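Got your viewer open and ready to click around?

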Amino acid sequence: MRLGPLDDTQREALADLLGLDRLPDARPSVPLTRLEEAVTELSGRTVREIVSELVGPLGDRAGERRRQRDERAELWTWLARHETVRAQPALSDWAATCRAAGVVAGSAEHTRTLLTDALKVLAALPGQAEPLPVFAARVLSGRAHALDDGTPLSALVLRALVTVYDTVPPQSAAERRALWTRAGVADDELSATVLVGGLRPVGDGLLARVATACTEVGQATSLTLAHVRYPGEFILSEAPESVVHVVENPSILALALRRFGPCCPPLVCTSGWPNSAAIQLLRMLADHGAALRYHGDFDGEGIRIAAYVLDKTSARPWRMTAADYRAAVASSPHGPQPGASPRHRGTLSWPRSWRSTIRPWSRNWWLKCC
């Protein structure tokens, strides 16, 4: 420890303290171990105890830095391993951007609270066609304005939705509202629809009558969110378990109806990213005993949609492994050859059983599998 400049009185006091045989320089360097030994020998107390008595409690800056570093490391580990992030692998990119941005207001605890709220919101999406304040109040314990435009939580959730949907960040209030609408918030009960075919529910409810009437003539039906929300009397099947296949491309539904007509097996089409009507219909079918089996494209977008459907419903992958894809390509001489998957923003983490270097292939394979 370097001292000084010291006057003569201070030099004499330092020499007495350390037991020196001559006065030290005006700017001496004092070994801390020697100072500790001298103070302990004279007073029976440590330097820290003496200084704390003179100037008050001393902080441990090095220890505090270590504690903060450990808290941040634990925070990002917790986020990366959170069940909501693991359920939708695309969210690992969002978690990485959160880590790169660092803690909010210098506090790991405050950041964890904010991230916890964001994860609650993401887990509750798609919404139930509620206005944003109503959705926020329901999910966030009455805090109706927590997701208002411009709040840190709203920005955090929208950043996650941009990653999930692999779209460009919204630049205006209108674009942000459009992104919320895509996630099922502030939808109306008529604009959110889902395509179904081959569905023959039993009952006199509106949904059952509409779906059955269309199935009997080999046609698809477009159910609105209102149909799904207020189905009336609805029994899926007399059988102990019904299998409902779920796909993302309307062309598959059209080809299936063309081939099978009134005998088409139960099929739900999400038309790309499933909206609130699609998710609520799948949940309702599962509640009535249906076993949901999902198949979609193998490109990056298709894998993200599949992960989303599997996270939001009880659906399970159907012929979605890398081995299934390779077998289908090998059996189809006109199909595309294996190659690099479409590039995703950052690194796309696919579920382990789906990982492969593959390209999307012909939608006709679904019909072959039937």
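**Stop 1: the aromatic rings**

There are two aromatic pairs to find in this structure. Keep in mind as you go that the model is predicted.

Select Y165 and W273 to start. Their ring centres are 4.7 Å apart and their planes meet at 85°, and angles over 60 count as edge-to-face, so that is the label this pair gets. Now colour the chain by secondary structure: Y165 belongs to helix α9 (residues 152-165), while W273 is in the loop between β4 (267-269) and α14 (276-287). The two residues are 108 residues apart, so to speak, in the chain, and the pair links distant parts of it.

Are these two buried or exposed? Y165 has 4% relative accessibility, so it is buried. W273, at 12%, counts as buried too.

With 4% relative accessibility, Y308 counts as buried. Show Y165, W273 and Y308 together and you have one aromatic cluster.

**Stop 2: charges over rings**

Stay with Y165 and select R182. What sits over the ring of Y165? It is the charged end of R182, 4.3 Å from the ring's centre.

Next, jump to W78 and R112. R112 lies over the face of W78, and its distance from the ring centre is 4.7 Å.

**Stop 3**

In soluble globular proteins, nonpolar side chains tend to be buried together. To see this here, select W94, L147, L161 and L285. They are the residues with the most contacts inside the largest nonpolar core, which has 73 residues. Which helix gives this core its largest share? That is α9, with nine residues.

Zoom in on L147 and show what is around it. Setting aside neighbours within four places in sequence, its contacts include V121, L132, F135, L153, V157 and W180.

Then move over to V247, I252, A256 and L257. These are among the eight residues of a second, separate core.

**Stop 4: the sheet**

Switch to the cartoon view and find the strands. Six of them form an open sheet, in the order β2-β1-β4-β3-β5-β6, with mixed pairing. Look at the two edges: β2 (221-224) and β6 (316-317) each have a single partner strand, so one side of each has no neighbour in the sheet.

Now walk through some of the pairings:

- β1 (residues 193-197) and β2 run antiparallel and are joined by four bridges. Select T193 and you will find it opposite T224 in β2.
- β1 and β4 also run antiparallel, with three bridges between them. G197 stands opposite L267 in β4.
- β3 (residues 242-247) and β4 run parallel, joined by three bridges. V246 is opposite V268 in β4.

Technical notes
Residues are numbered from 1 along each chain as its sequence is written. This is a predicted model: local features need pLDDT of at least 70, side-chain atom pairs count only at pLDDT 80 or more; totals for chains, interfaces and linings use all residues. Side-chain values use heavy atoms; hydrogens and water are left out. Rings of Phe, Tyr and Trp (its six-membered ring) pair if their centres lie within 6.5 Å; planes under 30 degrees apart count as stacked, over 60 as edge-to-face and the rest as tilted. Buried means under 20% relative accessible area, exposed over 50%, partly exposed in between (1.4 Å probe, protein chains only). A charge sits over a ring if NZ of Lys or CZ of Arg is within 6 Å of the ring centre and within 35 degrees of the ring normal. A nonpolar core is a set of buried Ala, Val, Leu, Ile, Met, Phe, Trp, Tyr and Cys residues joined through side-chain atoms within 4.5 Å. Contact means heavy atoms within 4.5 Å. Two strands pair if DSSP finds at least two bridges between them.
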